[in-house]
Amino acid sequence: MRFYQKLLLVFGVLALLAGCNQQTMLEKFAPKEESAIAQRALSELIAKNFSALDSQLDPSLKTPDTRDTLEKMANAFPSAQPKSISLVGTQTNTRNGVTTYNLTYEYEYPNAWMLTNVMLQRKE
């Protein structure tokens with residue numbers, strides 16, 4: 001009898017998941033605050049507002065080449081406005097009091113597609 005209960009539970013979960021599309025599932029599980037921070041950072045990068053990004057970078061990442069690297073990253077984006085921006089991947093890991101968030105976004109432009117990844121860390 002327990003076998004049938006477990007089987008029924010598995011089919012119930014699968015039925016619920018089948019009713020959701022990938023975008024809905026990603027948005028449901030994505031960390032909201034970190035996703036907003038990542039989107040703002042990408043907007044600042046595209047707008048070439050490097051001082052706003054520089055103030056948020058971990059000091060260990062700041063080097064004399066940081067500004068040039070940010071410029072190269074910003075120049076990789078097409079100059080046109082994106083037709084759509086979608087979250088296509090999210091991963092959260094916590095280890096030794098440090099939580100790492102990886103958020104991947106897909107930008108659709110009139111003549112190009114672009115994937116970007118933002119990594120954020122929060123120390124507890």
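Q81 is exposed, with a relative accessible area of 67%, where exposed means over 50%, buried means under 20%, and partly exposed covers what lies in between (1.4 Å probe, protein chains only). The model described here is a predicted one, in which local features need pLDDT of at least 70 and side-chain atom pairs count only at pLDDT 80 or more, while totals for chains, interfaces and linings use all residues. Residues are numbered from 1 along each chain as its sequence is written, and side-chain values use heavy atoms, with hydrogens and water left out.

Q81 is found in the loop between helix 5 and strand 1; helices (H or I, at least four residues) and strands (E, at least two) are DSSP runs, numbered from the N terminus. If residues up to four places away in sequence are not counted, Q81 touches Y109 and P110, a contact being heavy atoms within 4.5 Å. Although Q81 and Y109 are 28 residues apart along the chain, their C-alpha atoms are separated by 6.8 Å.

### The sheet

Strands of a sheet pair through backbone hydrogen bonds, either parallel or antiparallel. In this model, 3 strands form an open sheet in the order 1-2-3, with antiparallel pairing; two strands are taken to pair if DSSP finds at least two bridges between them. Strand 1 (84-95) and strand 3 (112-123) each have a single partner strand and stand at the edges, so one side of each is left without a neighbour in the sheet. Direction ignored, neighbouring strands of this sheet are turned by 15 degrees against each other on average.

Strand 1 and strand 2 (residues 98-109) run antiparallel and are joined by 11 bridges. Within this pairing, T92 stands opposite Y101 in strand 2, and T94 stands opposite T99 in strand 2. The two strands form a hairpin with 2 residues between them, and N96 in the turn has a positive phi of about 50 degrees.

Which strands does helix 3 touch? Helix 3 (residues 32-46) packs on the sheet and touches strand 2 and strand 3, its direction making about 50 degrees with that of strand 2. Such angles run from 0 to 180 degrees between N-to-C directions, and the axes are lines fitted to C-alpha atoms, for helices over the stretch in contact.

### The salt bridges

Side chains of opposite charge can pair when their charged atoms come close. The structure holds 4 salt bridges, each defined as a side-chain nitrogen of Lys or Arg within 4 Å of a carboxyl oxygen of Asp or Glu. The table lists some of them.

| Pair | N to O distance |
|---|---|
| R122 and E33 | 3.5 Å |
| D58 and K123 | 4.0 Å |
| E108 and K83 | 3.5 Å |

R122 and E33 form a salt bridge that links distant parts of the chain, since R122 lies in strand 3 and E33 in helix 3, 89 residues apart. R122 counts as partly exposed at 34% relative accessibility, and E33 counts as partly exposed at 49%.

The side chains of D58 and K123 also meet in a salt bridge. D58 lies in the loop between helix 4 (50-54) and helix 5 (66-75) and K123 in strand 3, so this pair ties together parts that are 65 residues apart in sequence. At 28% relative accessibility D58 counts as partly exposed, whereas K123, at 60%, counts as exposed.

E108 and K83 are another such pair. Because E108 lies in strand 2 and K83 in the loop between helix 5 and strand 1, the pair ties together parts that are 25 residues apart in sequence. E108 is buried, with a relative accessible area of 19%, whereas K83 counts as exposed at 56% relative accessibility. Salt bridges that share partners also join E33, E34 and R122 into one network.

### The core

The largest nonpolar core has 21 residues, and those with the most contacts inside it are L45, F77, Y105, Y107 and L120. A nonpolar core is a set of buried Ala, Val, Leu, Ile, Met, Phe, Trp, Tyr and Cys residues joined through side-chain atoms within 4.5 Å. The elements that give two or more residues to this core are helix 3, helix 4, helix 5, strand 2 and strand 3. Leaving aside neighbours within four places in sequence, L45 is in contact with F50, L53, L70, M73, A74 and F77.

T116 is found in strand 3 and is buried, with a relative accessible area of 8%. With its neighbours within four places in sequence set aside, T116 is in contact with residues including F77, Y105 and Y107.
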